[in-house]
Amino acid sequence: MTKSSDTPCQADMAALRAHLTALKLPYMLANHQALAQSAADKAWSHVHYLTELVSAEVSARHDRRVARLVAQARFPVLKTMDRFDWDWPTRINRLLVQNLFHLEFVHQHANVVLIAGTGLGKSHLMTALGHAACLQGYSVLFTGAIEIINNLALAQTTGTVKRALAQYVKPQVLCIDELGYLPIDKFGADCLFQIISHRYERGATLITTNRVYKQWPSIFNNDAVLTSALLDRLLHHAQTVVIEGKSYRAKDQIEL
């Protein structure tokens with residue numbers, strides 16, 4: 001029995017698999033035969049088959065990149081905007097917040113500061129914005145303000161401050177959580193100032209804090225000059241979201 005000219009020989013199939021492997025096209029490698037059978041059953045043209053196969057590879061590659069970006073962001077818990085309770089705060093500019101999810105501030109290398117007391121969802125919203133940025137292919141890092149200082153203090157003891165500082169400057173979106181909850185010494189204040197300065201007009205920075213701006217000198221070791229210089233850079237291109245109300249986490253106790 002002679003082979004049909006439409007049936008690929010083993011050597012051709014082996015060569016195709018080798019090429020797909022070399023080109024790092026895992027979806028096409030794993031699915032080209034099954035999709036070819038579907039194409040034959042549905043009488044697709046060669047172009048239609050190739051378009052479907054390549055489109056699926058592109059989609060799979062995007063999904064892998066998003067998964068990698070989300071993992072690298074180190075979100076403590078994944079949060080999305082659709083799970084935010086807009087009715088709980090007594091004050092919040094909903095239209096402003098929703099507009100932030102268009103991510104224009106990321107394109108513009110601008111900043112977002114969310115100011116609220118404990119349990120009002122500011123970290124939730126920052127996480128959701130960071131996750132939305134990951135979905136659009138941006139590199140993101142989520143970290144606490146004190147975590148930054150502790151990491152840089154450790155790096156100082158090993159002579160690797162420059163490398164440690166770079167990890168906070170490099171991401172396209174840096175999320176700094178809970179600024180102002182614990183006191184910061186001169187070293188910590190200088191570290192945060194360096195990060196904000198290096199990121200100025202180069203990357204987007206998001207900050208959650210429980211302190212209004214006039215109270216920020218008390219965050220930064222009562223250094224009014226450093227605080228003024230930091231705020232000058234941070235707020236030059238920034239949106240401020242103020243949230244007021246009672247703690248959502250204490251909701252059950254409040255109702256009792």
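**Exercise 1. Aromatic cluster**

Determine which residues ring pairs link into a cluster with Trp 216, and describe the pair of Tyr 213 and Trp 216.

*Solution.* Step 1: Ring pairs join Tyr 213, Trp 216 and Phe 220 into a cluster. Rings of Phe, Tyr and Trp (its six-membered ring) pair if their centres lie within 6.5 Å; planes under 30 degrees apart count as stacked, over 60 as edge-to-face and the rest as tilted. The model is a predicted one, in which local features need pLDDT of at least 70 and side-chain atom pairs count only at pLDDT 80 or more, while totals for chains, interfaces and linings use all residues. Residues are numbered from 1 along each chain as its sequence is written, and side-chain values use heavy atoms, with hydrogens and water left out.

Step 1: The whole structure holds 4 aromatic pairs. One of them, Phe 84 with Trp 86, is edge-to-face, at 4.8 Å centre to centre and 70° between the planes. Tyr 213 and Trp 216 are also edge-to-face, with 5.3 Å centre to centre and 65° between the planes.

Step 2: Buried means under 20% relative accessible area, exposed over 50%, partly exposed in between (1.4 Å probe, protein chains only). Trp 216 has a relative accessible area of 0% and is therefore buried. Phe 84, at 8%, is buried, and so is Trp 86, at 13%.

**Exercise 2. Strand pairing**

State in which sense strand 2 and strand 3 pair, and which residue is the bridge partner of Gly 144.

*Solution.* Step 1: Two strands pair if DSSP finds at least two bridges between them. Strand 2 and strand 3 (residues 173-179) pair in the parallel sense over 5 bridges.

Step 1: Gly 144 has Asp 177, in strand 3, as its bridge partner.

Step 2: Strand 2 (residues 140-144) is mostly covered, with 4 of its 5 residues buried.

Methods
Helices (H or I, at least four residues) and strands (E, at least two) are DSSP runs, numbered from the N terminus.
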